[in-house]
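Open the model in a viewer and keep the selection panel at hand. The stops below go from one selection to the next.

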Amino acid sequence: MAEAHQAVAFQFTVTPEGIDLQLSHQALSEIYLSGVRSWKKRIIRVKNRVISGVYPASPSSWLFVVIAILATMYTRSDPSMGLIAKIQEHLPVSKMSTQYQAVMSAVLFSTLLWLLLIFTMRLCLKQLLSYHRWMFEQHGKMSTTTKIWVALVRIFSGRKPLLYSYQGSLPNLPVPAVKDTVKRFLESVRPLMDDAEYERTNNLATEFESSLGKRLQWYLKLKALWASNYVSDWWEEYVYLRGRSPIMVNSNYYGMDFQYVTPTPIQAARAGNAIHAFFLYRRKLNKEEIKPWLLRSAVPCCSYQFERMFDTCRIPGTLTDTVQHWEDSDYIVVYHKGRYFRLRVYQGGRILSPREIEFQIQRILDDTTSPSKGEAKLGALTAGERIPWAKAREKYFSSGLNKRSLDCIEKAAFFVTLDDDEQGMMADNTAEGLDRYAKSLLHGNCYDRWFDKSFSVVFYKNGKSGINAEHSWADAPVVAHVWEYVLATDSFQLGYNAEGHCKGEVDSSLPRPQKLNWEISSECEEQISRSLAVAQALADDVDFHVFSFREFGKGKIKKCRVSPDAFIQMALQLAYFRDRGTFCLTYEASMTRLFREGRTETVRSCTSESSAFVRALHGGEPADVCRRLFRAASDKHQQLYRMAMTGAGIDRHLFCLYVVSKYLGVESPFLKEVLSEPWRLSTSQTPVQQAELFDLVNHPEYISCGGGFGPVADDGYGVSYMFLAENMMNFHISCKHSCSDTDAHRFGNQIKVALRDLLNLLDPLSKEPSKKEESKAEVKKEK
């Protein structure tokens with residue numbers, strides 16, 4: 001009971017002699033320090049809002065403007081052209097001296113001038129950031145216009161931006177013209193249809209463009225004028241939050257640990273360092289010390305998705321879910337052997353050291369308390385369908401003990417699972433080990449993760465770790481950013497002692513982690529069992545294959561003068577054609593974070609050019625013909641990728657037009673058909689965003705496995721890939737056992753063969769001298 005008594009600041013007992021009041025000095029001290037920490041964070045937030053609010057200027061520039069105006073006044077010149085005198089006439093205070101009124105008027109004028117300058121600089125920067133021609137220029141060749149543009153962007157970007165400094169200067173996502181979107185759509189489906197199907201689709205598209213499309217577009221443009229982003233709120237609402245099927249497998253995604261090394265085999269120690277690193281990252285996030293992501297070191301990307309990374313949970317609803325974000329929580333919730341524990345990570349106004357967190361985690365591991373009735377598999381409610389979970393939450397968790405315990409989980413900084421399994425690359429069976437590892441991170445036992453949390457971290461018995469993230473609040477690059485930081489901080493900054501434990505000393509007087517208590521009725525247990533059955537069937541159906549391709553990487557591909565991403569996409573098209581004997585609608589995720597509140601756009605990677613190349617190579621056409629067709633296909637892919645990034649994509653525009661049609665209550669056969677098409681090949685590249693955190697020269701073994709996701713279509717594949725260093729690529733392939741036409745391992749082998757075939761085809765290009773090398777050779781010959 002000791003930990004329960006420490007949770008209150010005072011106790012009192014009524015006796016015949018009066019009231020016996022007992023104060024807990026430790027609890028009062030914690031309350032005081034917690035308040036101090038909270039006020040410090042508020043002050044930091046206010047300060048950062050001021051700095052970001054006046055960016056690209058700085059708060060100190062206001063003083064410079066005021067002094068400059070006052071200095072010109074004392075030289076008996078009027079820089080305001082009479083405005084200062086006008087302001088002085090209308091000052092409400094008449095008892096001031098004339099000189100004081102003049103100074104006050106000058107300060108007011110200076111402030112207005114300063115705000116006008118800030119507005120002008122922001123407007124100029126916003127206009128500059130709306131220029132995207134630089135992205136379509138050949139790599140390594142920059143036009144004079146672009147060079148001038150880069151110089152101006154750097155001038156107007158100010159110095160030392162905070163994470164959210166650029167938010168007010170980012171342009172809004174433009175709304176493409178309906179005719180352009182329809183034209184690009186028809187072009188994208190041409191290789192997937194025969195002449196009769198294409199003719200029918202073309203007629204539907206033409207009718208839509210000339211009639212209903214214009215009306216829907218008008219409403220969409222009206223929204224674009226009013227909202228920061230005409231896509232993102234509807235995308236979050238209708239694609240993620242209104243989905244009623246399980247989010248486990250269907251929506252959530254995962255990230256893996258290092259592939260070839262485990263920093264420590266001690267589960268509690270690994271958790272200690274990693275949890276401490278997560279809170280270090282959160283502190284940097286609160287202070288906005290994380291640098292904004294800049295493309296080509298000059299062009300900023302939107303950072304709004306970082307706002308809900310911690311202290312966030314998806315709340316189930318019968319019609320739609322909501323994403324709830326709280327202020328900074330000072331604790332996490334830990335799951336182990338069917339029990340939930342609240343672990344405070346702050347003590348005495350500071351973050352617990354890694355060694356102290358390890359000590360607390362070990363306490364949980366050593367705890368022999370049995371789970372409460374119905375507690376062990378409670379998390380299955382978050383893994384099953386959303387409507388039953390919403391109804392159960394309202395009926396069984398809306399008051400009393402259950403509500404307090406559920407609130408504790410939902411308001412935690414993040415969720416942690418201490419898993420009793422061992423995962424990773426096992427010496428006896430490396431390939432199957434990675435497959436099991438992926439499935440464990442994606443769904444686990446279907447009840448030992450809290451899939452509604454913004455992210456859950458899993459620590460395995462052998463020291464391996466991983467992360468599972470909910471998708472509605474942010475996309476994978478945002479989660480990958482914090483995960484990269486944690487992996488690097490864990491291994492290269494915090495480290496471990498010779499025994500594998502966290503470094504530092506332990507305060508053994510720390511209050512024990514608090515076990516959460518529940519009162520689960522038999523009816524609720526029945527609902528938990530039903531949700532678990534649904535989730536288990538879904539998890540058992542997932543087929544996963546994860547492999548590393550080490551024969552070559554992006555270094556060799558670049559020597560062929562080909563975009564590595566286009567190379568992989570062409571290999572996937574070739575592999576799919578060989579696997580299924582046909583082409584399919586292919587989804588590749590691209591980002592639109594060049595715009596305010598931008599998230600993703602779709603690149604339709606299956607094109608007429610790519611299908612022509614695949615047919616030529618598969619049909620045994622001469623190598624020079626295949627190389628020419630490959631070059632055309634890869635160039636087309638790069639063009640589509642750049643158009644998607646710059647707001648000229650197809651699918652988000654059509655999606656928003658469909659949403660408007662539903663609001664208006666009108667049916668569009670064209671839009672209905674477009675949005676019902678299955679993505680049988682869904683792909684995504686996981687970029688390495690913070691390569692500077694890893695020393696791959698001296699420590700090449702510290703390479704992440706990347707991450708993956710479940711299949712989008714029941715008869716399709718989900719493929720995630722990652723370029724590691726210069727000579728390695730990782731692939732994560734998912735599909736469903738229930739579909740007899742798909743097999744993750746078979747498709748993985750097809751990808752390997754396709755990669756080799758493409759390199760063999762293009763390898764002569766890597767040996768041919770580039771134009772730059774030819775020019776150098778000619779100069780040398782002349783000399």
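Select residues 681-685 and 717-724: these are strands β19 and β21, which pair in the parallel sense over five bridges. Within the pair, Q685 stands opposite Y721 of β21. The model is a predicted one.

Now widen the selection to the whole sheet. Six strands make up this open sheet, in the order β16-β22-β21-β19-β17-β18, with mixed pairing. Why is one side of β16 and of β18 left without a neighbour in the sheet? Strands β16 (542-549) and β18 (600-604) stand at the edges and each has a single partner strand, so one side of each has no neighbour there. On average, neighbouring strands of the sheet are turned by 20° against each other, direction ignored.

Helix α20 lies across β17 (586-591), β19, β21 and β22 (728-736), and runs at about 145° to β21. Helix α23 (residues 651-664) also packs on the sheet, where it touches β17 and β18. The direction of α23 makes about 115° with that of β18.

Keep α20 (residues 564-580) and select α22 (residues 623-645). Two packed helices are described by the angle between their axes and the distance between the axes. Here the axes of α20 and α22 come within 9 Å and cross at roughly 115°, and the crossing is right-handed. To see the contact, show side chains for D565, A566, F567, Q569 and M570 in α20, which meet F630, A633, S634, H637, Q638 and Y641 in α22. The residues of this contact divide into six nonpolar, four polar and one charged.

Move on to the largest nonpolar core. It has 57 residues, of which I275, F278, M309, I332, I361 and F414 touch the most other members. Elements that each supply at least two residues of this core include α11 (267-286), β8 (331-336), α12 (354-366) and α17 (476-494). Which element gives the most to this core? Helix α11 does, with 10 residues.

Centre the view on I332. Leaving aside neighbours within four places in sequence, I332 is in contact with I275, F279, F341, R342, L343, V345, A412, A413, F414 and V416.

For the last stop, select L129, F595, M645 and L654: they are among the 53 residues of another core, which lies apart from the largest one. In soluble globular proteins, nonpolar side chains tend to be buried together.

How values were computed: Residues numbered from 1 in each chain as written. Predicted model: local features only at pLDDT ≥ 70, side-chain atom pairs only at ≥ 80, totals over all residues. Heavy atoms only, no water. Axes fitted to C-alpha atoms, helices over the stretch in contact; angles between N-to-C directions. Helix = DSSP H or I, 4+ residues; strand = E, 2+ residues; numbered from the N terminus. Left-handed = near helix turned anticlockwise from the far one by under 90°. Contact = heavy atoms within 4.5 Å. Nonpolar A, V, L, I, M, F, W, Y, C, P; charged D, E, K, R; others polar. Pairing = 2+ DSSP bridges. Core = buried A, V, L, I, M, F, W, Y, C linked by side-chain atoms within 4.5 Å. Buried < 20%, exposed > 50% of the residue type's maximum accessible area, 1.4 Å probe, protein only.
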